[in-house]
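I opened my notebook to look up how this structure is put together. I wanted to go through it slowly and write down each point as I found it.

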Amino acid sequence: MTAPKTLYDKIWNDHVVHEAEDGTCLLYIDRHLVHEVTSPQAFEGLRMAGRTVRAPEKTIAVPDHNVPTTLDRAKGIDNEESRIQVEALDKNAKDFGIHYYPVSDVRQGIVHIVGPEQGWTLPGMTVVCGDSHTATHGAFGALAHGIGTSEVEHVLATQTLIQKKSKNMKVEITGKLRPGVTAKDITLSVIGETGTAGGTGYVIEYCGEAIRDLSMEGRMTVCNMAIEGGARAGLIAPDEKTFEYCKGRPHAPKGAEWEAAVAYWKTLFTDEGAHFDKVITIKGEDIAPVVTWGTSPEDVLPITSTVPSAEDFSGGKVDAAQRSLEYMGLTSGQKLTDIEIDTVFIGSCTNGRIEDLRAAAEILKGKKIKDGLRAMIVPGSGLVRAQAEEEGLADIFKEAGFEWRLAGCSMCLAMNPDQLTPGERCAATSNRNFEGRQGRGGRTHLMSPAMAAAAAITGRLTDVREMM
Amino acid sequence: MDKFETFSGIAAPMPLVNIDTDMIIPKQFLKTIKRSGLGVHAFDEMRYDDDGNEIPDFVLNQAAYREASILIAGDNFGCGSSREHAPWALSDFGIKVVVSTSFADIFFNNCFKNGMLPIVLPQEQVDLLMRDAEKGANARVEVNLEEQTIISSDGDVIKFDIDPFRKHCLLNGLDDIGLTLEKAASIDSFEAKAGAARPWA
């Protein structure tokens, strides 16, 4: 009998092209997603070496980081460097013959939303992208992680990566979630528990009833932030919900091939008794709606808490917490719900899917945002935007006072004109609250779409449960 | 890629934990389509004020550390974004080695692709090197990859671990893609086998 395997072991084993004596492996890559920021130097490298893209049919490109999200974006990109970068992707996609969704295509959007939406991401695959949030695709039971530009070039040229296997970690969320608690609260709470380096060297498998109960959108939110916990990848075993989501997508298999695929996908689970190097268990009922107070995603607290003081921490975190408090302009002991905000950003590869917009709309329906607040909703793809319009969500947002934008990464990392000004405080559904992330001097509080919508109404951090 | 040779250099202390890649190179500098020229923007928001003037307190702006080639850093260095612009910026500044108790996975990988050496050491040894670095420009530290040693200015010899394959590639300045293409036949046969088993993939 063979030893019981984890889901990660199984996907890994099915993709090893070559294993050296020291355990260094050449791993085959099924899907390579490409965006404009981390790829130009890789394509330039190919050209200089006279190399081609080995598997253009498995390579998918879409511009997302730099693209304007204002309704007039058909006029082009004002910022010259941004424009050059997007034009370089246009040209590279054409020259190397890879699949491409240009800015003008309704299917354009954030690469991690487009991949699953178009059926490129499927269970059991290896998926990489020059972007740390590639972890998102793990929601399908695909081994997915971010890579650097040199590795982008390596995958383009060889369709493989040189890898050593990570350790296995299990994160189990047992039981049910309480009302008002979402996938975002799960993933932030896990990082609050493990710290941003707690997952370093591991691939995390998320499991348990609360994970099973999540929609595919929710599972993508959870896996998306595996990287914020330091993990190489996050995984969730595929099940009927996964198959249902994939079925009929443009690039999903059809007919007999679909049946064969599902039969294989059903083998993708962790065997009874398989070994995990680290196990974390959290009760679903113990998770509250949370927000971040500092400048690291591990700075997570339930919305009912108060701002901590540097002395609450130990080691190097004391100085880091002090620096965070100063940067964020907060006083220890202050109630989180007393923190007033200037801006609300709903969107990103973490929370820019249709379910996220529905959750925000449910809170915002018939309400107005606080006077003077700047608020924007940036759907994750053109198709999410179209669906939200069809469902009447866009009208709710516009009537509430939100700007209703076109698809892109937008204010998550502020490479396009959507940026915070120094001192501007933002309730954001994105994934990073680093210093300067949303604009130099900008102050970011991470939270779920429902919590961000609640904050938009009151103008301060708010417990969404008071509005339900 | 240049071969990684033994050298001695100035080590700069950066004890802050969780130094992320947004700090190392902020997003406005990711719009380049080149790898070079990012050194002047390394740690931009910590290094310059709103008017572009140097902030004197920042370690790499201090006279003793302007020529630093080694960083002694707090825990979890390089966390966050996958941007290879982070090691490009450090390398362009002149940094060849970063020492910490831990590194984020993608940053760690990216360093090796650019001839840089990230070294993981236990807390006590990082503390020792941090104190050494705080002495300033006279405290030159030697890094010998062949022997896997760091020698502090006081002569303390600290051994470090490194993956043998990565050591080999750094010492010889090897190009990963060239190495992998030598295994093209294995990739061909994998594709034939996997294509039959999982034609949808």
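The entries below follow the order in which I looked things up.

**Entry 1: what kind of model this is, and chain B as a whole**

I noted before anything else that this is a predicted model. I then turned to chain B, where I found eight helices and seven strands, and I wrote down that its C-alpha atoms fill a box of roughly 60 × 40 × 25 Å along the principal axes. Of the 201 residues in chain B, 44% are buried. I also looked up how far apart in sequence the contacting residues of chain B are, and among contacts between residues at least 6 apart, 68% join residues at least 24 apart.

**Entry 2: a helix of chain B**

I asked myself how many of the nine residues of helix α3 (residues 85–93) of chain B are buried. I found that seven of them are, so this helix is largely enclosed by the rest of the structure. The buried ones are His85(B), Ala86(B), Pro87(B), Trp88(B), Ala89(B), Leu90(B) and Phe93(B), and what covers them includes α1 (21–24) and α4 (105–112) of chain B. Just after α3(B) I came to Gly94(B), which takes a positive phi of about 120°.

**Entry 3: two helix pairs in chain A**

I reminded myself that two packed helices are described by the angle between their axes and by the distance between those axes. The pair I looked up to begin with was helix α6 (residues 183–194) and helix α8 (residues 216–224) of chain A, which pack at an angle of about 20° with their axes 8 Å apart. Angles under 35 degrees count as roughly parallel, and α6(A) and α8(A) are therefore roughly parallel to each other. Their crossing is right-handed. On the α6(A) side the contact is made by Ala183(A), Lys184(A), Ile186(A) and Thr187(A), and on the α8(A) side by Gly218(A), Thr221(A) and Val222(A). By class, I wrote these down as three nonpolar, three polar and one charged residues.

I then looked up helix α2 (residues 40–49) and helix α5 (residues 149–158) of chain A, which pack at an angle of about 50° with their axes 8 Å apart. That angle makes α2(A) oblique to α5(A), and the crossing of these two helices is right-handed. From α2(A) the contact takes Gln41(A), Ala42(A), Gly45(A) and Leu46(A), while α5(A) provides Thr149(A), Val152(A), Glu153(A), Leu156(A) and Ala157(A). In this contact I recorded five nonpolar, three polar and one charged residues.

**Entry 4: strands of chain A**

I kept in mind that strands of a sheet pair through backbone hydrogen bonds, either parallel or antiparallel. In chain A, five strands form an open sheet in the order β17-β16-β15-β18-β19, and the pairing is parallel. Its edge strands are β17 (403–404) and β19 (443–446) of chain A, each of which pairs on one side only. Within this sheet I followed β15 (residues 343–347) and β18 (residues 425–428) of chain A, which pair over three bridges, and I found that Val344(A) has Ala427(A) as its bridge partner in β18(A).

I next looked up strands β1 (residues 16–19) and β2 (residues 25–28) of chain A, which pair in the antiparallel sense over three bridges. They form a hairpin with five residues between them, and Gly23(A) in the turn has a positive phi of about 90°. Which residue of β2(A) is the bridge partner of Glu19(A)? I found that it is Cys25(A). Strand β2(A) is also joined by four bridges to strand β8 (residues 160–163) of chain A, and these two run antiparallel; here Cys25(A) has Gln163(A) as its bridge partner in β8(A).

**Entry 5: where the two chains touch**

I finished with the contact between the chains, which takes 59 residues from chain A and 46 residues from chain B. Several elements of chain A each supply at least two residues to the side that touches chain B, including β1, β2, α2, α5 and β8. Helix α5(A) gives the most to this side, with seven residues. The residues on the chain A side divide into 22 nonpolar, 23 polar and 14 charged.

I then picked out Thr158(A), which is found in helix α5 of chain A. Not counting residues up to four places away in sequence, Thr158(A) touches Arg54(A), Ile177(B), Thr180(B), Leu181(B) and Ile187(B).

Methods:
Residues are numbered from 1 along each chain as its sequence is written. Chains are lettered from A and ligands numbered from 1 in the order in which they are written. This is a predicted model: local features need pLDDT of at least 70, side-chain atom pairs count only at pLDDT 80 or more; totals for chains, interfaces and linings use all residues. A residue is buried if 20 or more other C-beta atoms lie within 10 Å of its own, exposed if 12 or fewer, and partly exposed in between; C-beta atoms are placed from the backbone. Two residues are in contact if their C-beta atoms, placed from the backbone, lie within 7 Å. Axes are lines fitted to C-alpha atoms, for helices over the stretch in contact, and angles run from 0 to 180 degrees between N-to-C directions. Angles under 35 degrees count as roughly parallel, over 145 as roughly antiparallel, 65 to 115 as roughly perpendicular and the rest as oblique. A crossing is left-handed if the near helix is turned anticlockwise from the far one by less than a right angle, and right-handed if clockwise. Ala, Val, Leu, Ile, Met, Phe, Trp, Tyr, Cys and Pro count as nonpolar, Asp, Glu, Lys and Arg as charged, and the others, Gly among them, as polar. Two strands pair if DSSP finds at least two bridges between them.
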